Every structure is written in structure tokens, then in C-alpha cells.
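Dear colleague,

Please find the structure below for your records. My notes on its core and its aromatic residues follow.

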Amino acid sequence: MHTLEQFGAQVLIWGVVGFAVLLSQRIARILRIPAAVLVLVLAAAVGTVLGAHRPHLALVVDVVTVALVVILFDGGMHLGRRFRSAAGPIVSLGTLGTFLTAAFIALAAHFLFGIGTSTALALGAALAPTDPAVVFSVLAHRELTGKTSAILEGESGVNDPAGIALLLGFAAFATSSHGSAGQIAATFAVQMCVGAVVGMLGGWLLRVVHARPTPTTVAPEPLRILAVVLTIYGLAVVLHGSGFLAVLLAGIVFADEPERPGRAVRQFHGTLAHLGEIVAFVMLGLSFRLSDLTAGHAWLIGLMLTALLIFVLRPLAVLPLLIPVRLTRGERIFIGWAGLKGAVPILLGALAVHAGVPDSTRLYAVVFVVVALSVCVQGATLSTVAERLGVATRPAPAD
């Protein structure tokens with residue numbers, strides 16, 4: 001009976017957390033700030049109170065990884081045919097832009113804040129990826145149009161697996177006496193190449209599954225698509241590739257034709273991706289202790305690094321890569337401004353802690369501060385910046 005009561009107490013806690021998350025979303029709409037930051041801070045407060053009863057970090061990483069799989073696949077489906085019109089800037093920003101951003105952050109962390117080389121490299125890889133889901137959630141019921149939207153969505157889709165591959169390489173470098181730059185480069189190349197091949201083949205397989213008639217005796221089509229997506233991710237990882245890149249490309253290939261996917265598939269996976277984003281922020285927040293913000297002046301480093309990242313480091317990495325692209329000056333500046341951080345940087349920070357990167361407690365705290373401030377500062381001003389820069393938007397669909 002004692003065990004049953006303990007389980008009931010845990011269910012009660014999760015129910016209260018879920019209710020608070022829903023309430024925070026309503027408060028966020030009133031304050032016109034992204035709900036993600038309220039969810040993150042609220043979950044961190046609950047995690048601090050829970051103390052030793054917080055979910056284990058390995059469980060958090062596993063749950064958030066599954067959430068990211070469905071988020072990236074849904075993002076790939078949304079991108080679909082638009083990828084072709086912006087493939088050049090998407091690939092350059094998602095790869096070279098990610099490298100440059102990670103390098104600039106690592107240099108700033110090492111030379112300005114005295115963080116060790118291996119930890120600074122891991123911090124740079126963790127903070128390089130962006131999150132378009134946060135961008136689009138704060139545009140006041142409007143959505144971006146044209147190439148700007150495709151670039152931001154595609155950049156984030158590509159830089160997520162790129163950042164994860166870099167983080168894994170830097171973590172191996174930091175925790176192994178035999179690590180080298182060549183090993184990091186080789187790991188990254190294998191991850192991206194294998195992930196790309198599996199993703200392309202997986203997208204073709206999804207087309208085949210989608211084209212077959214659905215008998216009434218088998219699972220509904222959205223569930224069959226989900227099963228294939230999870231298989232694609234698992235196969236890519238087993239083959240030492242990037243499962244995240246694989247599911248992103250599978251979504252793009254699958255949705256590359258107008259009749260694919262159907263309305264039911266889009267609605268199901270869109271809802272699943274939204275749920276995955278909420279779960280990711282809750283789980284990541286629960287894994288963090290607010291008391292860690294004082295470790296090595298992490299809160300101050302995070303504050304100063306956020307300012308550098310927003311006003312100096314991201315523009316320095318991104319704007320030169322956009323020079324060959326046919327965009328207005330306002331669109332270029334907006335893309336530089338709209339590099340909001342989200343769940344992926346915190347997941348990468350958790351991976352760094354789990355991998356045993358030196359000074360990982362402070363690294364995780366710095367990532368937490370940067371994500372929270374990035375979402376607040378950039379998110380709260382995004383609609384105004386888009387309007388002032390003349391970036392084209394349109395009313396978002398009612399559903």
C-alpha cells in the first residue's frame with residue numbers, strides 16, 4: 001500500500017505540473033512572451049523543490065530525444081517543397097553557420113569568462129542550434145511568408161543535428177585522452193552522411209507506406225507513419241548516423257509532393273510535435289536546480305553571453321552567409337535577430353552533464369540562463385522587429 005501511495009503522490013505532482021503548464025500558456029499570451037520560458041522556469045522551480053526525487057538525467061535525455069524526433073519530423077513536413085527554394089542558405093546556415101556560432105561562443109567563453117577549453121567547446125556546440133517553434137509561437141497569431149520562413153525553419157532543422165553531432169564529438173574530446181580535432185571531424189562527417197542517406201531512403205519508404213490503401217483492420221495511417229519515423233531514427237543511430245537529420249530529411253522528402261501528406265497525418269503529427277515541445281521543456285526544467293545558477297557565477301556569465309550572442313556573435317556568423325541570397329536588408333537583419341534558443345540547447349547541456357564534461361554543472365546553468373533570456377528578450381520583441389523591418393507576414397490559419 002505504501003508503494004501505491006508513493007505512486008499516487010507522483011501522479012499528483014505530475015498532474016499539478018501539467019495544470020500549471022497549461023495555466024502558464026494562458027499567462028504567456030496575456031504578457032505576450034513565449035510560453036516556453038514560463039514552462040521552463042516553472043518546471044525548474046518544481047525540480048528544485050523535489051530535490052532528490054527529480055527524474056534521473058538519463059530518463060530526461062531519453063524522453064526529450066523522442067520528443068525532438070517528432071518535432072523534427074513535423075518540421076520537415078512543414079518545410080516540404082519549400083526546401084528547394086531556399087536549399088542554399090538553409091544548408092550554409094545550418095552547417096557553416098552552426099560551426100561559426102559554436103566557435104565564436106567557445107572563444108568568448110574561454111577568453112572572456114575563463115572557462116576551460118573543452119568545456120567552452122561543449123558550451124559553444126550546445127548554444128549554436130536555434131528553435132523556430134519558439135519563433136513562430138510569439139508572432140501574435142501571424143506567420144512569416146516566403147523565403148524568410150523557409151530559411152528559419154530549415155536552418156533550425158539542420159543545425160539541430162549539426163549541433164548534436166558537434167556536442168558528441170566535443171564531449172568525446174573532453175572525456176578522452178585520445179581525443180583530437182580529426183576525431184571530431186570524422187565523427188561529424190559519419191553522423192551527417194549516414195543520417196542523410198537513411199533519411200532520404202526513409203522518406204521514400206514513407207511515400208510507399210502512404211501510397212498503399214489502408215485496410216480497416218490495420219492501424220490508422222498517422223500511427224503507421226509514426227512507427228516508420230521511429231524506425232528511421234533508430235536505424236540511423238544504430239548505423240552511427242544522426243537520427244535527427246534522418247527524420248528531418250524523411251519529413252522533407254515525404255512532403256515534397258502537394259498531395260503528401262494527408263490532412264489526418266499533418267494534424268496528428270502537428271499535435272504530437274506541440275505536445276513534444278511542452279514535454280521537452282517540462283522534463284528539461286525538472287532536471288535543473290535553480291541553486292546551480294550561483295555555481296561559478298553562472299547567472300552572470302549567462303547574462304553577458306546572451307548579450308554577446310544576440311548582438312554580436314550570431315550576426316557575425318549569419319549575416320555574411322546571407323550576402324549571396326536574394327533577400328531584402330530587413331529580412332537579413334530579421335534572420336540574424338530571430339535566432340532564438342529552445343529545448344535543443346538545454347538537451348545538449350544535459351548530454352554534456354551525462355557525458356561527464358568538466359565543469360558541466362556550470363555549463364548546464366549557463367545554457368539554462370541563455371535559453372531563458374533569449375526567449376524572453378528576442379521573443380518579446382519579435383513581432384515588433386518584423387514589423388519595423390518590413391518582413392512579410394500573414395494571419396496564421398485558425399486551426
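With which residues is F334 in contact, leaving aside its neighbours within four places in sequence? Taking contact as heavy atoms within 4.5 Å, F334 meets L144, T148, L152, L382, V385, A386, L389 and V391.

This is a predicted model, in which local features need pLDDT of at least 70 and side-chain atom pairs count only at pLDDT 80 or more, while totals for chains, interfaces and linings use all residues. Residues are numbered from 1 along each chain as its sequence is written, and side-chain values use heavy atoms, with hydrogens and water left out.

F334 also belongs with L123, L206 and L305 as the residues with the most contacts inside the largest nonpolar core, which has 120 residues. Such a core is a set of buried Ala, Val, Leu, Ile, Met, Phe, Trp, Tyr and Cys residues joined through side-chain atoms within 4.5 Å; buried means under 20% relative accessible area, exposed over 50%, and partly exposed in between (1.4 Å probe, protein chains only).

There are six aromatic pairs, defined by Phe, Tyr and Trp rings (for Trp, the six-membered ring) with centres within 6.5 Å; planes under 30 degrees apart count as stacked, over 60 as edge-to-face and the rest as tilted. The rings of F99 and F188 are edge-to-face, because their planes stand at 75 degrees, with centres 5.0 Å apart. F99 is partly exposed at 30%, whereas F188 is buried at 15%. F288 and F368 are stacked, 4.1 Å centre to centre with 10 degrees between the planes. Together with Y364, F288 and F368 form one aromatic cluster.

Yours sincerely
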